[in-house]
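Colleague: I am new to reading protein models. Could you walk me through one, feature by feature?

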Amino acid sequence: MEIADLLKLNALVLWAAFAVAVVFGFIAQRTHFCTMGAISDIVNMGDWTRMRMWGMAVGIAMIGFYGMAWLGWIDPTQSIYTSSRVIWLSAMVGGLLFGFGMVLASGCGSKTLVRIGAGSLKSLVVFFVMGIAAFATLRGVTAVLRVNTVDKVSFDMASGSALPAWLASATGMEPALTGLVFALVVGGALVVWALVGRDFRTGNNLLAGIGLGLVVIAMWWVSGRLGYVAEHPETLEAVYLGSNTGRMEALTFTAPMAFTLDWLIFFSDSSKVLTFGIVTVVGMVVGAFICALLEGSFRWEGFRTTQDTALHMAGAVCMGVGGVTALGCTVGQGMSGLSTLSLTSIIAVTGIVLGAIGGFRFQIWLLDRE
(Lines give C-alpha, C1' and ligand atoms only; values in the text may rest on other atoms or scores of the structure.)
Protein backbone atom coordinates (compact mmCIF):
# COMPACT_ATOMS: atom_id res chain seq x y z
CA MET A 1 0.00 0.00 0.00
CA GLU A 2 1.32 3.45 -0.97
CA ILE A 3 1.14 6.51 1.31
CA ALA A 4 -1.51 8.12 -0.90
CA ASP A 5 -3.69 5.01 -0.58
CA LEU A 6 -3.14 5.00 3.17
CA LEU A 7 -4.29 8.62 3.46
CA LYS A 8 -7.43 7.85 1.45
CA LEU A 9 -8.21 4.87 3.65
CA ASN A 10 -7.63 6.96 6.79
CA ALA A 11 -10.11 9.55 5.53
CA LEU A 12 -12.64 6.80 4.77
CA VAL A 13 -12.25 5.38 8.28
CA LEU A 14 -12.82 8.80 9.87
CA TRP A 15 -15.86 9.54 7.70
CA ALA A 16 -17.30 6.12 8.51
CA ALA A 17 -16.74 6.64 12.25
CA PHE A 18 -18.36 10.07 12.02
CA ALA A 19 -21.40 8.64 10.21
CA VAL A 20 -21.88 5.87 12.76
CA ALA A 21 -21.57 8.40 15.62
CA VAL A 22 -24.25 10.54 13.95
CA VAL A 23 -26.54 7.52 14.04
CA PHE A 24 -25.75 6.97 17.73
CA GLY A 25 -26.51 10.61 18.56
CA PHE A 26 -29.75 10.51 16.57
CA ILE A 27 -30.99 7.33 18.27
CA ALA A 28 -29.94 8.48 21.75
CA GLN A 29 -31.86 11.75 21.30
CA ARG A 30 -34.88 10.05 19.77
CA THR A 31 -35.19 7.35 22.45
CA HIS A 32 -33.94 9.30 25.50
CA PHE A 33 -31.25 6.67 25.99
CA CYS A 34 -29.34 7.49 29.18
CA THR A 35 -27.44 5.21 31.55
CA MET A 36 -27.80 7.64 34.45
CA GLY A 37 -31.51 7.92 33.73
CA ALA A 38 -31.80 4.13 33.71
CA ILE A 39 -30.17 3.87 37.15
CA SER A 40 -32.32 6.76 38.41
CA ASP A 41 -35.51 5.04 37.21
CA ILE A 42 -34.56 1.91 39.17
CA VAL A 43 -33.53 3.73 42.36
CA ASN A 44 -36.42 6.21 42.44
CA MET A 45 -39.29 4.33 40.78
CA GLY A 46 -38.32 0.69 40.51
CA ASP A 47 -38.68 0.96 36.73
CA TRP A 48 -36.21 -1.19 34.75
CA THR A 49 -37.38 -0.22 31.24
CA ARG A 50 -34.45 2.04 30.30
CA MET A 51 -31.98 -0.40 31.87
CA ARG A 52 -33.40 -3.06 29.57
CA MET A 53 -32.51 -0.80 26.61
CA TRP A 54 -28.95 -0.73 27.86
CA GLY A 55 -28.89 -4.47 28.54
CA MET A 56 -30.14 -5.32 25.06
CA ALA A 57 -27.62 -3.00 23.42
CA VAL A 58 -24.74 -4.54 25.39
CA GLY A 59 -25.95 -8.07 24.65
CA ILE A 60 -26.17 -7.45 20.91
CA ALA A 61 -22.76 -5.73 20.93
CA MET A 62 -21.21 -8.76 22.70
CA ILE A 63 -22.58 -11.19 20.14
CA GLY A 64 -21.48 -8.98 17.26
CA PHE A 65 -17.99 -8.43 18.65
CA TYR A 66 -17.23 -12.11 19.18
CA GLY A 67 -19.06 -13.05 15.99
CA MET A 68 -16.63 -10.88 14.04
CA ALA A 69 -13.71 -12.35 16.02
CA TRP A 70 -14.90 -15.88 15.15
CA LEU A 71 -15.06 -14.91 11.47
CA GLY A 72 -11.51 -13.58 11.72
CA TRP A 73 -12.52 -10.00 10.92
CA ILE A 74 -11.11 -8.50 14.12
CA ASP A 75 -8.60 -9.50 16.80
CA PRO A 76 -10.25 -9.25 20.25
CA THR A 77 -6.86 -8.93 21.96
CA GLN A 78 -6.16 -5.62 20.16
CA SER A 79 -8.17 -3.42 22.50
CA ILE A 80 -7.30 -1.51 25.67
CA TYR A 81 -10.19 -3.30 27.41
CA THR A 82 -8.67 -6.76 26.94
CA SER A 83 -5.16 -5.94 28.13
CA SER A 84 -3.48 -8.58 30.27
CA ARG A 85 -2.95 -6.01 33.05
CA VAL A 86 -6.08 -5.60 35.15
CA ILE A 87 -5.96 -2.20 36.87
CA TRP A 88 -8.85 -3.09 39.12
CA LEU A 89 -8.40 -0.28 41.64
CA SER A 90 -8.23 2.36 38.90
CA ALA A 91 -11.36 0.88 37.33
CA MET A 92 -13.26 0.90 40.62
CA VAL A 93 -12.14 4.32 41.89
CA GLY A 94 -12.51 5.90 38.45
CA GLY A 95 -15.92 4.30 38.04
CA LEU A 96 -17.09 5.59 41.43
CA LEU A 97 -15.95 9.12 40.55
CA PHE A 98 -17.54 8.99 37.12
CA GLY A 99 -20.85 7.63 38.41
CA PHE A 100 -21.07 10.24 41.15
CA GLY A 101 -20.14 13.00 38.70
CA MET A 102 -22.66 12.06 36.05
CA VAL A 103 -25.48 12.46 38.56
CA LEU A 104 -24.30 15.97 39.51
CA ALA A 105 -23.85 16.88 35.83
CA SER A 106 -27.28 15.53 34.78
CA GLY A 107 -25.84 12.82 32.55
CA CYS A 108 -22.72 11.01 31.40
CA GLY A 109 -20.38 12.08 28.62
CA SER A 110 -22.53 10.74 25.80
CA LYS A 111 -25.67 12.35 27.27
CA THR A 112 -23.75 15.63 27.57
CA LEU A 113 -22.98 15.56 23.84
CA VAL A 114 -26.57 14.65 22.99
CA ARG A 115 -27.88 17.52 25.09
CA ILE A 116 -25.49 19.96 23.43
CA GLY A 117 -27.01 18.93 20.11
CA ALA A 118 -30.48 19.58 21.54
CA GLY A 119 -29.56 23.11 22.70
CA SER A 120 -28.25 22.75 26.26
CA LEU A 121 -25.76 25.49 27.02
CA LYS A 122 -25.09 24.07 30.48
CA SER A 123 -24.06 20.79 28.84
CA LEU A 124 -21.65 22.82 26.73
CA VAL A 125 -20.06 24.09 29.95
CA VAL A 126 -19.92 20.50 31.25
CA PHE A 127 -18.18 19.47 28.01
CA PHE A 128 -15.42 22.06 28.39
CA VAL A 129 -14.84 21.40 32.09
CA MET A 130 -14.95 17.63 31.62
CA GLY A 131 -12.56 17.83 28.67
CA ILE A 132 -10.03 19.91 30.63
CA ALA A 133 -10.26 17.57 33.64
CA ALA A 134 -9.81 14.57 31.34
CA PHE A 135 -6.76 16.13 29.69
CA ALA A 136 -5.23 16.85 33.10
CA THR A 137 -5.76 13.20 34.03
CA LEU A 138 -4.20 12.03 30.77
CA ARG A 139 -1.10 14.25 30.90
CA GLY A 140 -1.32 16.79 33.71
CA VAL A 141 -1.38 17.09 37.48
CA THR A 142 -4.08 14.47 38.08
CA ALA A 143 -2.27 12.16 35.64
CA VAL A 144 0.74 12.16 37.97
CA LEU A 145 -1.54 11.43 40.92
CA ARG A 146 -3.29 8.62 39.00
CA VAL A 147 -0.08 6.94 37.84
CA ASN A 148 1.54 7.11 41.28
CA THR A 149 -1.46 5.80 43.21
CA VAL A 150 -4.31 3.67 41.86
CA ASP A 151 -2.58 2.61 38.62
CA LYS A 152 0.11 0.88 40.66
CA VAL A 153 -2.41 -1.60 42.03
CA SER A 154 -3.07 -4.35 39.48
CA PHE A 155 -2.67 -7.99 38.62
CA ASP A 156 -1.90 -9.78 35.38
CA MET A 157 -3.93 -12.31 33.43
CA ALA A 158 -1.59 -13.93 30.94
CA SER A 159 -4.37 -14.63 28.45
CA GLY A 160 -5.81 -11.10 28.74
CA SER A 161 -8.64 -9.68 30.83
CA ALA A 162 -11.42 -10.87 28.49
CA LEU A 163 -13.29 -13.68 30.26
CA PRO A 164 -13.61 -15.88 27.12
CA ALA A 165 -9.84 -15.74 26.59
CA TRP A 166 -9.26 -16.72 30.21
CA LEU A 167 -11.72 -19.61 29.87
CA ALA A 168 -10.11 -20.79 26.63
CA SER A 169 -6.67 -20.69 28.26
CA ALA A 170 -7.87 -22.58 31.34
CA THR A 171 -9.68 -25.30 29.41
CA GLY A 172 -7.59 -25.55 26.25
CA MET A 173 -10.59 -24.70 24.08
CA GLU A 174 -10.28 -22.84 20.76
CA PRO A 175 -10.31 -19.08 21.65
CA ALA A 176 -12.48 -17.80 18.79
CA LEU A 177 -15.17 -20.45 19.32
CA THR A 178 -15.05 -19.99 23.10
CA GLY A 179 -15.59 -16.26 22.66
CA LEU A 180 -18.57 -16.78 20.36
CA VAL A 181 -20.23 -19.32 22.67
CA PHE A 182 -19.58 -17.15 25.75
CA ALA A 183 -21.04 -14.10 23.99
CA LEU A 184 -24.08 -16.01 22.74
CA VAL A 185 -24.83 -17.24 26.26
CA VAL A 186 -24.24 -13.96 28.14
CA GLY A 187 -25.33 -11.59 25.38
CA GLY A 188 -28.31 -13.75 24.49
CA ALA A 189 -29.39 -13.80 28.14
CA LEU A 190 -29.27 -9.99 28.25
CA VAL A 191 -31.37 -9.71 25.09
CA VAL A 192 -33.94 -12.20 26.41
CA TRP A 193 -34.03 -10.41 29.78
CA ALA A 194 -34.78 -7.14 27.97
CA LEU A 195 -37.53 -8.63 25.84
CA VAL A 196 -39.40 -10.29 28.70
CA GLY A 197 -40.08 -6.89 30.25
CA ARG A 198 -43.79 -6.21 30.03
CA ASP A 199 -43.44 -2.54 29.08
CA PHE A 200 -40.21 -2.83 27.12
CA ARG A 201 -41.43 -3.97 23.70
CA THR A 202 -42.15 -0.57 22.15
CA GLY A 203 -40.69 1.01 19.03
CA ASN A 204 -38.39 3.44 20.83
CA ASN A 205 -37.09 0.88 23.30
CA LEU A 206 -36.33 -1.63 20.57
CA LEU A 207 -34.72 1.09 18.46
CA ALA A 208 -32.40 1.96 21.34
CA GLY A 209 -31.57 -1.61 22.27
CA ILE A 210 -31.07 -3.01 18.78
CA GLY A 211 -29.88 0.19 17.10
CA LEU A 212 -27.22 1.15 19.63
CA GLY A 213 -25.99 -2.43 19.89
CA LEU A 214 -25.48 -2.45 16.13
CA VAL A 215 -23.76 0.94 16.32
CA VAL A 216 -21.14 -0.44 18.73
CA ILE A 217 -20.61 -3.43 16.43
CA ALA A 218 -20.24 -1.08 13.47
CA MET A 219 -17.62 0.95 15.33
CA TRP A 220 -15.59 -2.17 16.11
CA TRP A 221 -15.77 -3.12 12.43
CA VAL A 222 -14.74 0.34 11.22
CA SER A 223 -11.73 0.48 13.53
CA GLY A 224 -10.74 -3.18 13.68
CA ARG A 225 -11.52 -4.28 10.12
CA LEU A 226 -11.76 -1.30 7.77
CA GLY A 227 -9.03 0.67 9.56
CA TYR A 228 -6.59 -2.20 10.04
CA VAL A 229 -3.45 -2.13 7.90
CA ALA A 230 -1.21 -5.17 8.31
CA GLU A 231 1.91 -3.35 7.14
CA HIS A 232 2.37 0.40 7.19
CA PRO A 233 4.40 1.44 4.12
CA GLU A 234 6.87 3.46 6.24
CA THR A 235 7.17 1.52 9.52
CA LEU A 236 6.30 -1.92 8.09
CA GLU A 237 4.26 -2.52 11.26
CA ALA A 238 0.57 -3.22 11.72
CA VAL A 239 -1.52 -0.11 12.40
CA TYR A 240 -5.09 0.86 13.23
CA LEU A 241 -5.81 4.04 11.29
CA GLY A 242 -7.23 7.04 13.13
CA SER A 243 -6.61 5.47 16.53
CA ASN A 244 -5.62 7.53 19.57
CA THR A 245 -4.47 4.45 21.48
CA GLY A 246 -2.71 2.62 18.66
CA ARG A 247 -5.22 -0.20 19.10
CA MET A 248 -8.66 -1.10 17.83
CA GLU A 249 -11.25 1.32 19.24
CA ALA A 250 -15.01 1.66 19.55
CA LEU A 251 -17.13 4.38 21.14
CA THR A 252 -15.94 6.17 24.26
CA PHE A 253 -16.22 9.86 25.12
CA THR A 254 -14.12 10.99 28.10
CA ALA A 255 -10.61 11.03 26.66
CA PRO A 256 -11.95 11.97 23.19
CA MET A 257 -13.41 15.16 24.70
CA ALA A 258 -9.87 16.07 25.78
CA PHE A 259 -8.51 15.18 22.33
CA THR A 260 -11.22 17.34 20.73
CA LEU A 261 -10.29 20.39 22.84
CA ASP A 262 -6.61 19.78 22.10
CA TRP A 263 -7.34 19.65 18.35
CA LEU A 264 -9.44 22.83 18.47
CA ILE A 265 -6.89 24.79 20.51
CA PHE A 266 -3.83 23.68 18.50
CA PHE A 267 -5.56 23.44 15.11
CA SER A 268 -2.73 25.22 13.26
CA ASP A 269 -0.19 22.67 14.56
CA SER A 270 0.22 20.18 11.71
CA SER A 271 0.91 17.38 14.19
CA LYS A 272 -2.65 17.69 15.51
CA VAL A 273 -4.77 15.56 13.21
CA LEU A 274 -8.32 14.29 13.31
CA THR A 275 -8.70 10.96 15.04
CA PHE A 276 -11.39 8.36 15.62
CA GLY A 277 -12.31 9.81 19.01
CA ILE A 278 -12.58 13.42 17.80
CA VAL A 279 -14.90 12.68 14.88
CA THR A 280 -17.18 10.56 17.05
CA VAL A 281 -17.55 13.41 19.57
CA VAL A 282 -18.60 15.75 16.74
CA GLY A 283 -20.80 13.07 15.19
CA MET A 284 -22.74 12.59 18.42
CA VAL A 285 -23.59 16.29 18.61
CA VAL A 286 -24.56 16.45 14.92
CA GLY A 287 -26.81 13.38 15.19
CA ALA A 288 -28.63 14.70 18.23
CA PHE A 289 -28.99 18.12 16.58
CA ILE A 290 -30.57 16.62 13.45
CA CYS A 291 -33.01 14.59 15.53
CA ALA A 292 -33.92 17.54 17.77
CA LEU A 293 -34.67 19.70 14.72
CA LEU A 294 -36.76 17.01 13.04
CA GLU A 295 -38.85 16.27 16.12
CA GLY A 296 -39.10 19.94 17.15
CA SER A 297 -37.45 19.42 20.53
CA PHE A 298 -34.48 21.78 20.09
CA ARG A 299 -34.53 24.23 23.01
CA TRP A 300 -31.91 26.57 24.45
CA GLU A 301 -31.27 25.70 28.09
CA GLY A 302 -29.14 27.42 30.71
CA PHE A 303 -28.33 27.12 34.39
CA ARG A 304 -31.08 27.90 36.88
CA THR A 305 -29.05 28.92 39.93
CA THR A 306 -25.49 29.35 41.15
CA GLN A 307 -25.76 26.01 42.94
CA ASP A 308 -26.91 24.35 39.73
CA THR A 309 -23.82 25.74 37.97
CA ALA A 310 -21.47 24.61 40.74
CA LEU A 311 -22.91 21.10 40.88
CA HIS A 312 -22.65 20.62 37.11
CA MET A 313 -19.04 21.86 37.07
CA ALA A 314 -18.10 19.62 40.02
CA GLY A 315 -19.77 16.69 38.28
CA ALA A 316 -17.87 17.46 35.07
CA VAL A 317 -14.55 17.39 36.95
CA CYS A 318 -15.44 14.04 38.55
CA MET A 319 -16.38 12.60 35.16
CA GLY A 320 -13.23 13.87 33.47
CA VAL A 321 -10.93 12.49 36.17
CA GLY A 322 -12.95 9.33 36.74
CA GLY A 323 -13.50 8.47 33.09
CA VAL A 324 -9.80 8.57 32.26
CA THR A 325 -8.84 6.72 35.45
CA ALA A 326 -11.38 3.96 34.73
CA LEU A 327 -10.35 3.80 31.03
CA GLY A 328 -13.84 4.73 29.91
CA CYS A 329 -17.32 6.03 30.62
CA THR A 330 -20.79 4.48 30.56
CA VAL A 331 -20.36 3.97 26.81
CA GLY A 332 -16.61 3.34 26.75
CA GLN A 333 -16.52 0.74 29.53
CA GLY A 334 -20.26 0.19 29.78
CA MET A 335 -20.96 -0.70 26.13
CA SER A 336 -17.72 -0.96 24.16
CA GLY A 337 -15.80 -2.50 27.06
CA LEU A 338 -18.51 -4.91 28.16
CA SER A 339 -18.96 -6.07 24.57
CA THR A 340 -15.44 -7.58 24.91
CA LEU A 341 -16.46 -9.30 28.18
CA SER A 342 -13.50 -7.65 29.90
CA LEU A 343 -13.06 -8.14 33.65
CA THR A 344 -11.73 -4.57 33.91
CA SER A 345 -14.90 -3.27 32.25
CA ILE A 346 -17.11 -5.24 34.63
CA ILE A 347 -15.27 -3.70 37.60
CA ALA A 348 -15.50 -0.19 36.11
CA VAL A 349 -19.24 -0.49 35.41
CA THR A 350 -19.82 -1.76 38.95
CA GLY A 351 -18.03 1.34 40.22
CA ILE A 352 -20.09 3.61 37.96
CA VAL A 353 -23.38 2.16 39.23
CA LEU A 354 -22.31 2.44 42.87
CA GLY A 355 -21.06 5.98 42.29
CA ALA A 356 -24.36 6.97 40.68
CA ILE A 357 -26.32 5.57 43.64
CA GLY A 358 -24.08 7.62 45.93
CA GLY A 359 -24.78 10.66 43.75
CA PHE A 360 -28.54 10.21 44.11
CA ARG A 361 -28.17 9.90 47.88
CA PHE A 362 -26.13 13.12 47.89
CA GLN A 363 -28.83 14.92 45.91
CA ILE A 364 -31.47 13.79 48.38
CA TRP A 365 -29.29 15.06 51.23
CA LEU A 366 -29.02 18.46 49.50
CA LEU A 367 -32.79 18.63 49.04
CA ASP A 368 -33.38 17.79 52.71
CA ARG A 369 -31.13 20.70 53.72
CA GLU A 370 -33.13 23.24 51.72
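**Reading the patch, core, rings and salt bridges**

Modeller: One caution: this is a predicted model. Now the surface. Helix H9 gives the most to the nonpolar patch, with three residues.

Colleague: Which residues make the nonpolar surface patch?

Modeller: Trp-70, Leu-71, Trp-73, Leu-177, Val-181, Val-185 and Trp-221 make a patch of about 680 Å². Two elements, helix H3 (49-71) and helix H9 (175-195), each give two or more residues to the patch. Trp-70 has its place in helix H3.

Colleague: Now the inside. How do I read a nonpolar core?

Modeller: In soluble globular proteins, nonpolar side chains tend to be buried together. Here, the largest nonpolar core has 80 residues. Phe-24, Met-102 and Met-335 touch the most other members. Helix H3 supplies the largest share of this core, 13 residues. Another core lies apart from it, with six residues, including Val-86 and Ile-347.

Colleague: Leaving aside neighbours within four places in sequence, which residues is Phe-24 in contact with?

Modeller: With those neighbours left aside, Phe-24 is in contact with Leu-212, Val-215, Leu-251, Met-284, Val-331 and Met-335.

Colleague: What describes a pair of aromatic rings?

Modeller: The distance of the centres and the angle of the planes. The whole structure has 13 aromatic pairs. Take Phe-298 and Trp-300: their ring centres are 5.1 Å apart and their planes stand at 80°, so the pair is edge-to-face. The cut-off for that label is over 60 degrees. Phe-298 is partly exposed at 21% relative accessibility, whereas Trp-300 is exposed at 67%. Elsewhere, ring pairs link Phe-65, Tyr-66, Tyr-81 and Trp-220 into a cluster.

Colleague: How many salt bridges does the structure hold?

Modeller: Six. To count, a side-chain nitrogen of Lys or Arg must lie within 4 Å of a carboxyl oxygen of Asp or Glu. Arg-146 and Asp-151 form one, with the closest N and O atoms 2.6 Å apart. Arg-146 is buried at 16% relative accessibility, and Asp-151 is buried at 11%.

Colleague: Which parts does the salt bridge of Asp-262 and Lys-272 tie together?

Modeller: Their side chains meet at 3.0 Å, N to O. Asp-262 lies in helix H11 and Lys-272 in the loop between H11 and helix H12, so the pair ties together parts that are 10 residues apart in sequence. Asp-262 is buried; Lys-272 is partly exposed. Finally, salt bridges that share partners join Lys-122, Glu-301, Arg-304 and Asp-308 into one network.

Methods: Residues numbered from 1 in each chain as written. Predicted model: local features only at pLDDT ≥ 70, side-chain atom pairs only at ≥ 80, totals over all residues. Heavy atoms only, no water. Patch = residues over 30% accessible without salt bridge, like charges linked within 9 Å, V, L, I, M, F, W, Y side chains within 5 Å. Areas by Shrake-Rupley, 256 points an atom, 1.4 Å probe, with all protein chains shown as cover. Helix = DSSP H or I, 4+ residues; strand = E, 2+ residues; numbered from the N terminus. Core = buried A, V, L, I, M, F, W, Y, C linked by side-chain atoms within 4.5 Å. Buried < 20%, exposed > 50% of the residue type's maximum accessible area, 1.4 Å probe, protein only. Contact = heavy atoms within 4.5 Å. Phe/Tyr/Trp six-rings, centres within 6.5 Å; stacked < 30°, edge-to-face > 60°.
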